[in-house]
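Here is a short briefing for a reader who is new to this structure. Please keep the sequence and the 3D view open while reading.

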Amino acid sequence: MTTGDITITHADRVLFPDDGITKGELADYYAAMAEVMLPHLKGRPLTLWRYPRGIGEKGFVQQDFARSIPGWMARAEVAKEGGTVVHPVVDRPDALVWLANQDCVTVHAWLSRQGREPDRLVFDLDPSGGDFAVVRATARACADVLEDLGLATYVQTTGSRGLHVVVPLRADADYDTVRGFAREVAEVVAADDPAHRTVEMRKDKRGDRVYIDVMRNAYAQTAVAPYAVRARRGAPVATPLDRAELDDAGLRPDGFTIRDLPARLAEREDPWAGIQRHARSLSRPQQRLRALRG
């Protein structure tokens with residue numbers, strides 16, 4: 001089987017046993033999504049979640065591809081203690097299909113492009129209970145605070161259990177500054193409704209509250225890429241939303257799947273199209289946040 005210029009090996013291998021979804025279907029999905037995914041991936045070091053035997057068996061996470069990336073594919077060599085790590089970078093459609101041919105189900109991306117400071121800030125809203133309405137309300141509250149501070153906000157389902165609230169930045173602040181700002185915002189949002197929201201890292205102290213997690217904003221941490229498939233029954237997809245969709249009582253974090261995303265995008269534009277055009281500096285929002293906190 002050939003998708004684009006990439007020959008898919010073992011295309012009939014079933015990767016999602018409960019749904020009968022094959023490796024070939026996964027590759028076709030990523031080929032179809034390449035145009036809309038590439039703006040969110042270009043220049044970013046990637047981490048891959050690979051499942052050579054399908055999601056019914058344990059997969060593994062891979063960052064270092066020093067020995068296996070084809071010569072035509074972009075890469076990001078990142079320093080680590082005692083050496084370097086060579087991450088794959090998707091700058092063209094065939095690269096995304098090549099990842100699928102490596103049995104990569106889920107793509108996670110850095111919040112910065114290679115050699116730059118972070119240009120995205122992420123709030124990962126992680127539910128402790130089963131009431132997703134509380135997660136939706138927390139996302140709205142988080143977005144409201146950020147917009148009051150002068151920042152643009154975007155929301156996506158994670159394809160797993162929660163939601164991400166994402167802020168495009170101008171990449172003029174380092175990781176420590178960005179994470180510190182995110183932590184302070186999270187504290188403001190949690191304090192507004194402490195019965196339903198928390199910044200408590202320990203699970204045994206959260207109760208049924210939504211955990212507002214900002215730890216993905218550290219150097220070399222990653223977040224699930226927009227439109228990436230998750231290794232879960234039904235092949236759910238991390239899906240960018242229109243803000244108004246947060247008001248939909250039927251919204252689920254895993255409600256969009258590999259089989260219905262192409263139709264969704266045929267009916268509407270990517271809600272995150274042009275996200276970086278709305279990137280802003282943190283300087284003034286930091287001042288406003290300090291004033292807000294007294």
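Leu241 sits in strand β16, which covers residues 240–241. The model is a predicted one. Leu241 has a relative accessibility of 4%, so it counts as buried.

**Around Leu241**

- Beyond its neighbours within four places in sequence, Leu241 is in contact with Val155, Gln156, Thr157, Leu163, Leu246, Leu251, Phe256, Arg264, Pro271 and Trp272.
- Asp213 lies 28 residues from Leu241 along the chain. The C-alpha atoms of Leu241 and Asp213 are separated by 20 Å.

**The sheet of 6 strands**

- Strand β16 belongs to an open sheet of 6 strands. The order is β13-β14-β10-β12-β11-β16, and the pairing is mixed.
- β13 and β16 are the edge strands, and each pairs on one side only.
- Strand β11 (residues 154–157) is joined to β16 by 2 bridges, and the two run antiparallel.
- Gln156 stands opposite Pro240 in β16.
- Helix α3 packs on this sheet. It touches β10, β12 (163–168), β13 and β14. The direction of α3 makes about 10 degrees with that of β12.

**Helix α4**

- Helix α4 spans residues 175–192, which is 18 residues. At 1.5 Å a residue it should span 26 Å. Its end C-alpha atoms are 26 Å apart, so the model agrees with that expectation.
- Which residues of α4 are buried? They are Tyr175, Val178, Gly180, Phe181, Ala182, Val185, Ala186, Val188, Val189 and Ala190.
- An α-helix has 3.6 residues a turn, so residues three or four places apart point the same way.
- What covers the buried residues of α4? The cover includes the strands β9 (104–110), β10 (120–126), β13 (197–198) and β14 (210–213). It also includes the helices α3 (132–148) and α6 (283–293).

**The sheet of 4 strands**

- Another open sheet has 4 strands in the order β6-β5-β9-β15, with antiparallel pairing.
- Its edge strands are β6 (60–62) and β15 (222–224). Each of these pairs on one side only.
- From one strand to the next, the twist averages 30 degrees.
- β5 and β9 run antiparallel and are joined by 5 bridges.
- The bridge partner of Trp49 is Thr106, in β9.

**Thr47 in strand β5**

- Thr47 lies in strand β5, residues 46–50.
- Is Thr47 buried or exposed? Its relative accessibility is 6%, so it counts as buried.
- Not counting residues up to four places away in sequence, Thr47 touches Val61, Gln62, Gln63, His87, Thr106, Val107, His108 and Thr222.

**Aromatic pairs**

- How many aromatic pairs does the structure hold? There are 5.
- In one of them, the ring centres of Trp110 and Tyr219 are 5.2 Å apart. Their planes stand at 80 degrees, so the pair is edge-to-face.
- Trp110 lies in strand β9, and Tyr219 lies in the loop between β14 and β15. The pair therefore ties together parts that are 109 residues apart in sequence.
- Trp110 counts as buried, at 6% relative accessibility. Tyr219 is partly exposed, with a relative accessible area of 48%.
- Tyr219 also pairs with Tyr175: the ring centres are 5.6 Å apart. The planes are at 85 degrees, so this pair is edge-to-face too.
- The Tyr175 and Tyr219 pair links distant parts of the chain, 44 residues apart. Tyr175 is in helix α4, and Tyr219 is in the loop between β14 and β15.
- Tyr175 is buried, with a relative accessible area of 7%.
- Trp110, Tyr175 and Tyr219 form one aromatic cluster.

**Lys23 in helix α1**

- Lys23 lies in helix α1, residues 23–41.
- The relative accessible area of Lys23 is 1%, and the cut-off for buried is under 20%, so Lys23 is buried.
- The side chain of Lys23 reaches the backbone oxygen of Thr9 at 3.0 Å.
- Leaving aside neighbours within four places in sequence, Lys23 is in contact with Ile8, Thr9, His10, Ala11, Arg13, Leu15, Ala100, Asn101 and Asp103.

Notes
Residues numbered from 1 in each chain as written. Predicted model: local features only at pLDDT ≥ 70, side-chain atom pairs only at ≥ 80, totals over all residues. Heavy atoms only, no water. Buried < 20%, exposed > 50% of the residue type's maximum accessible area, 1.4 Å probe, protein only. Polar contact = N/O pair within 3.5 Å; in protein donor to acceptor, adjacent residues only side chain to side chain. Contact = heavy atoms within 4.5 Å. Expected span 1.5 Å × (residues − 1). Pairing = 2+ DSSP bridges. Axes fitted to C-alpha atoms, helices over the stretch in contact; angles between N-to-C directions. Phe/Tyr/Trp six-rings, centres within 6.5 Å; stacked < 30°, edge-to-face > 60°.
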